[in-house]
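My notes follow in the order I took them.

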Amino acid sequence: MKRAVAAALVLLSAIPGPVLAQPQDGWSSVRRPLAGAPAVIGSAAAGCVQGAQALRLEGENHQALRPARHRYWGHPATVAFVEDLARTAAAEGIGRLLIGDMAQPRGGPMSFGHASHQNGLDVDIWFRLSPERLGADELNSPRPARMVAADRLGVSAEWMPAQARLLELAARSGRVERIFVNPVIKQALCRSHPADDRGWLGKLRPWWGHDEHFHVRLACPADSPDCEPQKPFPEGDGCGEELSSWLVRPTSPAPPDKAHVQSRRLPEACRGIPAR
Ligand SMILES: [Zn+2]
(Lines give C-alpha, C1' and ligand atoms only; values in the text may rest on other atoms or scores of the structure.)
Protein backbone atom coordinates (compact mmCIF):
# COMPACT_ATOMS: atom_id res chain seq x y z
CA MET A 1 0.00 0.00 0.00
CA LYS A 2 2.73 2.42 1.02
CA ARG A 3 4.61 1.57 -2.16
CA ALA A 4 1.51 2.37 -4.24
CA VAL A 5 1.17 5.77 -2.58
CA ALA A 6 4.86 6.47 -3.18
CA ALA A 7 4.52 5.47 -6.82
CA ALA A 8 1.50 7.72 -7.20
CA LEU A 9 3.46 10.59 -5.68
CA VAL A 10 6.34 10.07 -8.07
CA LEU A 11 3.86 10.04 -10.93
CA LEU A 12 2.17 13.19 -9.68
CA SER A 13 5.43 15.03 -9.28
CA ALA A 14 6.30 14.20 -12.90
CA ILE A 15 3.14 15.86 -14.18
CA PRO A 16 3.99 19.40 -15.23
CA GLY A 17 1.82 21.88 -13.40
CA PRO A 18 1.92 24.98 -11.27
CA VAL A 19 4.92 25.07 -8.94
CA LEU A 20 4.78 25.67 -5.22
CA ALA A 21 7.29 28.44 -4.70
CA GLN A 22 9.04 28.80 -1.40
CA PRO A 23 11.18 31.79 -0.47
CA GLN A 24 14.21 29.48 -0.22
CA ASP A 25 13.88 28.95 -3.97
CA GLY A 26 16.08 32.02 -4.25
CA TRP A 27 13.50 34.74 -4.86
CA SER A 28 14.72 36.69 -1.84
CA SER A 29 18.43 36.41 -2.58
CA VAL A 30 18.50 37.18 -6.32
CA ARG A 31 19.83 40.70 -6.86
CA ARG A 32 19.24 41.47 -10.53
CA PRO A 33 15.95 41.71 -12.41
CA LEU A 34 15.05 39.15 -15.03
CA ALA A 35 16.17 40.47 -18.42
CA GLY A 36 13.53 41.16 -21.01
CA ALA A 37 10.68 43.51 -21.75
CA PRO A 38 8.76 44.55 -18.63
CA ALA A 39 5.96 42.09 -17.90
CA VAL A 40 3.87 41.29 -14.86
CA ILE A 41 3.14 37.57 -14.51
CA GLY A 42 0.43 36.22 -12.25
CA SER A 43 -1.12 37.95 -9.26
CA ALA A 44 0.10 39.95 -6.29
CA ALA A 45 -0.14 36.88 -4.05
CA ALA A 46 1.35 34.40 -6.57
CA GLY A 47 3.41 35.98 -9.28
CA CYS A 48 6.69 37.38 -10.54
CA VAL A 49 7.94 40.15 -12.77
CA GLN A 50 10.27 40.40 -15.76
CA GLY A 51 12.20 43.52 -16.69
CA ALA A 52 11.61 45.15 -13.31
CA GLN A 53 13.03 48.58 -12.60
CA ALA A 54 14.62 49.78 -9.36
CA LEU A 55 13.17 52.80 -7.63
CA ARG A 56 15.87 55.40 -7.02
CA LEU A 57 16.74 55.07 -3.34
CA GLU A 58 17.21 58.82 -2.95
CA GLY A 59 14.78 60.67 -5.17
CA GLU A 60 14.20 64.39 -5.13
CA ASN A 61 10.81 63.87 -3.51
CA HIS A 62 11.09 60.46 -1.90
CA GLN A 63 13.40 58.13 -0.01
CA ALA A 64 13.31 54.34 -0.06
CA LEU A 65 13.24 52.68 3.36
CA ARG A 66 15.29 49.63 4.39
CA PRO A 67 17.29 49.45 1.15
CA ALA A 68 19.20 46.38 2.40
CA ARG A 69 16.04 44.31 1.89
CA HIS A 70 16.26 44.82 -1.89
CA ARG A 71 12.52 45.29 -2.14
CA TYR A 72 12.60 48.54 -4.10
CA TRP A 73 11.82 46.94 -7.47
CA GLY A 74 8.68 47.00 -9.56
CA HIS A 75 7.18 47.07 -13.00
CA PRO A 76 8.27 50.41 -14.55
CA ALA A 77 4.65 51.61 -14.23
CA THR A 78 4.93 51.21 -10.45
CA VAL A 79 8.19 53.14 -10.30
CA ALA A 80 6.69 55.90 -12.47
CA PHE A 81 3.60 56.02 -10.27
CA VAL A 82 5.70 56.46 -7.12
CA GLU A 83 7.79 59.22 -8.69
CA ASP A 84 4.73 61.03 -10.04
CA LEU A 85 2.90 60.82 -6.73
CA ALA A 86 5.98 62.06 -4.87
CA ARG A 87 6.35 64.97 -7.31
CA THR A 88 2.69 65.97 -6.93
CA ALA A 89 2.86 65.61 -3.16
CA ALA A 90 5.93 67.84 -3.03
CA ALA A 91 4.28 70.41 -5.30
CA GLU A 92 1.28 70.52 -2.97
CA GLY A 93 3.50 70.96 0.09
CA ILE A 94 2.58 67.55 1.50
CA GLY A 95 6.22 66.61 1.99
CA ARG A 96 8.72 64.00 0.99
CA LEU A 97 7.42 60.43 0.70
CA LEU A 98 8.94 57.48 2.50
CA ILE A 99 8.60 54.39 0.36
CA GLY A 100 8.40 50.99 2.06
CA ASP A 101 8.45 47.60 0.40
CA MET A 102 7.76 47.15 -3.28
CA ALA A 103 8.88 43.86 -4.87
CA GLN A 104 12.09 41.86 -5.02
CA PRO A 105 14.12 42.20 -8.25
CA ARG A 106 12.18 39.35 -9.87
CA GLY A 107 9.15 39.54 -7.60
CA GLY A 108 8.05 36.19 -6.20
CA PRO A 109 7.41 35.19 -2.60
CA MET A 110 9.32 36.95 0.16
CA SER A 111 11.12 35.24 3.03
CA PHE A 112 9.20 37.37 5.54
CA GLY A 113 6.75 40.20 5.87
CA HIS A 114 4.25 39.93 3.04
CA ALA A 115 2.08 37.40 1.29
CA SER A 116 1.56 39.78 -1.64
CA HIS A 117 4.01 42.24 -3.29
CA GLN A 118 4.97 39.42 -5.68
CA ASN A 119 4.27 40.74 -9.18
CA GLY A 120 5.76 44.24 -9.17
CA LEU A 121 2.49 46.17 -8.87
CA ASP A 122 2.40 46.67 -5.08
CA VAL A 123 4.02 49.47 -3.10
CA ASP A 124 3.82 50.45 0.56
CA ILE A 125 3.89 54.19 1.15
CA TRP A 126 4.35 55.47 4.66
CA PHE A 127 1.96 57.91 6.26
CA ARG A 128 4.91 59.51 8.02
CA LEU A 129 5.97 62.56 6.06
CA SER A 130 9.44 63.67 6.89
CA PRO A 131 10.36 67.30 6.26
CA GLU A 132 14.02 66.35 6.77
CA ARG A 133 15.85 63.81 4.68
CA LEU A 134 16.40 60.69 6.80
CA GLY A 135 19.96 59.56 7.44
CA ALA A 136 21.18 56.03 6.72
CA ASP A 137 20.51 54.79 10.26
CA GLU A 138 16.91 55.86 10.22
CA LEU A 139 16.33 54.62 6.70
CA ASN A 140 17.46 51.18 7.88
CA SER A 141 15.28 51.14 10.99
CA PRO A 142 12.71 53.85 10.44
CA ARG A 143 10.29 55.01 13.10
CA PRO A 144 6.69 54.90 11.85
CA ALA A 145 3.91 57.37 12.58
CA ARG A 146 0.73 55.52 13.52
CA MET A 147 -2.51 56.97 12.22
CA VAL A 148 -4.81 54.95 14.47
CA ALA A 149 -5.24 55.91 18.13
CA ALA A 150 -4.10 53.47 20.82
CA ASP A 151 -7.71 52.58 21.73
CA ARG A 152 -8.31 51.78 18.01
CA LEU A 153 -11.55 53.76 18.10
CA GLY A 154 -10.43 56.58 15.84
CA VAL A 155 -7.48 58.20 14.14
CA SER A 156 -4.49 59.38 16.14
CA ALA A 157 -3.17 62.92 16.56
CA GLU A 158 -0.71 62.14 13.74
CA TRP A 159 -3.52 61.99 11.16
CA MET A 160 -3.46 65.34 9.36
CA PRO A 161 -4.99 66.82 6.19
CA ALA A 162 -1.69 66.00 4.44
CA GLN A 163 -2.20 62.24 4.90
CA ALA A 164 -5.82 62.48 3.76
CA ARG A 165 -4.80 64.43 0.67
CA LEU A 166 -1.99 61.99 -0.13
CA LEU A 167 -4.44 59.08 -0.07
CA GLU A 168 -6.83 61.02 -2.27
CA LEU A 169 -4.10 61.80 -4.81
CA ALA A 170 -3.14 58.13 -4.95
CA ALA A 171 -6.72 56.86 -5.18
CA ARG A 172 -7.61 59.32 -7.95
CA SER A 173 -4.81 57.99 -10.14
CA GLY A 174 -6.24 55.99 -13.02
CA ARG A 175 -3.30 53.59 -12.70
CA VAL A 176 -4.27 52.57 -9.17
CA GLU A 177 -6.58 49.59 -8.84
CA ARG A 178 -6.98 49.58 -5.04
CA ILE A 179 -5.36 50.80 -1.83
CA PHE A 180 -5.35 48.93 1.47
CA VAL A 181 -5.81 51.04 4.60
CA ASN A 182 -6.86 50.38 8.17
CA PRO A 183 -10.67 50.57 8.48
CA VAL A 184 -10.34 53.34 11.07
CA ILE A 185 -8.58 55.51 8.48
CA LYS A 186 -11.27 54.86 5.91
CA GLN A 187 -13.90 55.73 8.50
CA ALA A 188 -12.21 59.10 9.13
CA LEU A 189 -12.27 59.86 5.39
CA CYS A 190 -15.89 58.75 5.02
CA ARG A 191 -16.81 61.15 7.81
CA SER A 192 -14.81 64.10 6.50
CA HIS A 193 -16.02 63.91 2.90
CA PRO A 194 -19.56 64.74 1.74
CA ALA A 195 -21.44 61.95 0.00
CA ASP A 196 -21.02 63.58 -3.42
CA ASP A 197 -17.21 63.60 -3.02
CA ARG A 198 -16.70 60.04 -1.88
CA GLY A 199 -16.48 58.18 -5.18
CA TRP A 200 -12.70 57.78 -4.87
CA LEU A 201 -13.09 56.17 -1.44
CA GLY A 202 -14.30 52.96 -3.10
CA LYS A 203 -10.69 52.15 -3.98
CA LEU A 204 -9.69 52.29 -0.33
CA ARG A 205 -10.06 48.71 0.84
CA PRO A 206 -10.21 48.15 4.61
CA TRP A 207 -7.57 45.69 5.80
CA TRP A 208 -5.80 44.67 8.98
CA GLY A 209 -2.81 46.73 10.07
CA HIS A 210 -2.01 49.41 7.49
CA ASP A 211 -2.09 52.23 10.01
CA GLU A 212 1.53 53.29 9.49
CA HIS A 213 1.55 52.85 5.71
CA PHE A 214 -0.94 52.41 2.92
CA HIS A 215 -0.53 49.72 0.33
CA VAL A 216 -1.11 50.71 -3.29
CA ARG A 217 -1.84 48.08 -5.90
CA LEU A 218 -1.71 49.12 -9.55
CA ALA A 219 -3.95 47.71 -12.26
CA CYS A 220 -2.46 45.22 -14.72
CA PRO A 221 -0.41 47.19 -17.28
CA ALA A 222 -1.18 46.88 -20.99
CA ASP A 223 2.20 45.22 -21.68
CA SER A 224 1.39 42.24 -19.44
CA PRO A 225 -1.12 39.74 -20.90
CA ASP A 226 -0.14 37.20 -18.20
CA CYS A 227 -0.99 39.59 -15.36
CA GLU A 228 -3.90 38.21 -13.36
CA PRO A 229 -6.39 40.99 -12.60
CA GLN A 230 -7.93 41.38 -9.17
CA LYS A 231 -11.53 40.44 -8.49
CA PRO A 232 -13.52 43.65 -8.71
CA PHE A 233 -14.64 45.14 -5.40
CA PRO A 234 -18.25 46.19 -4.78
CA GLU A 235 -19.39 49.40 -6.42
CA GLY A 236 -19.84 52.55 -4.38
CA ASP A 237 -17.72 54.30 -1.76
CA GLY A 238 -17.81 51.41 0.72
CA CYS A 239 -18.55 53.81 3.57
CA GLY A 240 -21.68 51.98 4.71
CA GLU A 241 -22.21 48.40 5.72
CA GLU A 242 -18.94 47.12 4.30
CA LEU A 243 -16.95 49.47 6.52
CA SER A 244 -19.06 48.79 9.61
CA SER A 245 -18.50 45.07 9.17
CA TRP A 246 -14.77 45.76 9.52
CA LEU A 247 -15.06 48.09 12.46
CA VAL A 248 -16.56 45.44 14.71
CA ARG A 249 -13.57 43.14 14.11
CA PRO A 250 -10.12 43.59 15.58
CA THR A 251 -8.23 45.69 13.04
CA SER A 252 -4.76 44.81 14.28
CA PRO A 253 -2.53 42.88 14.08
CA ALA A 254 -2.47 41.17 10.70
CA PRO A 255 -4.40 37.89 10.41
CA PRO A 256 -2.43 34.86 11.61
CA ASP A 257 -2.99 32.89 8.40
CA LYS A 258 -1.10 35.45 6.31
CA ALA A 259 2.11 33.40 6.22
CA HIS A 260 0.29 30.42 4.71
CA VAL A 261 -0.45 32.32 1.54
CA GLN A 262 3.23 31.91 0.66
CA SER A 263 2.52 28.36 -0.40
CA ARG A 264 0.13 29.53 -3.13
CA ARG A 265 0.91 28.13 -6.51
CA LEU A 266 2.96 30.32 -8.78
CA PRO A 267 2.09 30.43 -12.48
CA GLU A 268 4.08 28.12 -14.73
CA ALA A 269 5.80 31.11 -16.37
CA CYS A 270 7.50 31.95 -13.05
CA ARG A 271 9.10 28.52 -12.78
CA GLY A 272 12.84 28.64 -12.20
CA ILE A 273 13.03 32.38 -12.64
CA PRO A 274 15.35 33.10 -9.65
CA ALA A 275 17.93 30.69 -11.04
CA ARG A 276 17.96 32.15 -14.54
ZN1 LIG B 1 2.08 46.22 1.48
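**Entry 1: burial and overall make-up.** I call a residue buried under 20% relative accessible area, exposed over 50%, and partly exposed in between, with a 1.4 Å probe and protein chains only. By that cut-off, 51% of the 276 residues of the chain are buried. The model is predicted, so I took local features only at pLDDT of at least 70 and side-chain atom pairs only at pLDDT 80 or more, while totals for chains, interfaces and linings use all residues. Residues are numbered from 1 along each chain as its sequence is written, and side-chain values use heavy atoms, without hydrogens and water.

I then listed the secondary structure, taking helices (H or I, at least four residues) and strands (E, at least two) as DSSP runs numbered from the N terminus. The chain has six helices and 12 strands. For contacts I used heavy atoms within 4.5 Å. Of the contacts with a separation of 6 or more, 78% are between residues 24 or more positions apart.

Entry 2: Asp124 is buried at 4% relative accessible area, and His215 is buried at 5%.

**Entry 3: Ser116.** I looked at Ser116, which sits in the loop between β7 and β8. Ser116 is buried, with a relative accessible area of 14%. Leaving out residues up to four places away in sequence, it touches Ala44, Ala45, Asp122, His215 and Arg217. I took a polar contact as a pair of N or O atoms within 3.5 Å; within protein, one must be able to donate a hydrogen and the other to accept it, and residues adjacent in sequence count only if both atoms are side-chain atoms. The Ser116 side chain makes such a contact with the side chain of Asp122 at 3.4 Å, and another with the side chain of Arg217, also given as 3.4 Å.

**Entry 4: salt bridges.** How many salt bridges does the structure hold? With a side-chain nitrogen of Lys or Arg within 4 Å of a carboxyl oxygen of Asp or Glu as the test, I have 19.

Asp101 and Arg71 form one of them, at 2.9 Å from N to O. This pair links distant parts of the chain, 30 residues apart: Asp101 is in the loop between β7 (97–99) and β8 (122–126), and Arg71 in the loop between β5 (62–64) and β6 (73–74). Asp101 is buried at 4% relative accessibility, and Arg71 is buried at 4% relative accessible area.

Glu242 and Arg205 form another, at 2.4 Å from N to O. Glu242 lies in helix α6 (residues 241–247) and Arg205 in strand β10 (residues 204–206), so the bridge ties together parts 37 residues apart in sequence. Glu242 is partly exposed at 23%, whereas Arg205 is buried at 8%. I also noted one network, in which salt bridges with shared partners join Glu92, Arg165, Glu168, Arg172 and Asp197.

Entry 5: Is helix α4 (residues 161–171) largely enclosed or open? Eight of its 11 residues are buried, so the rest of the structure largely encloses it. Among the buried ones are Leu166, Leu167 and Glu168.

Last, I noted His210, a non-glycine residue with a positive phi of about 50°. His210 is in the loop between β10 and β11 and is buried at 10%.
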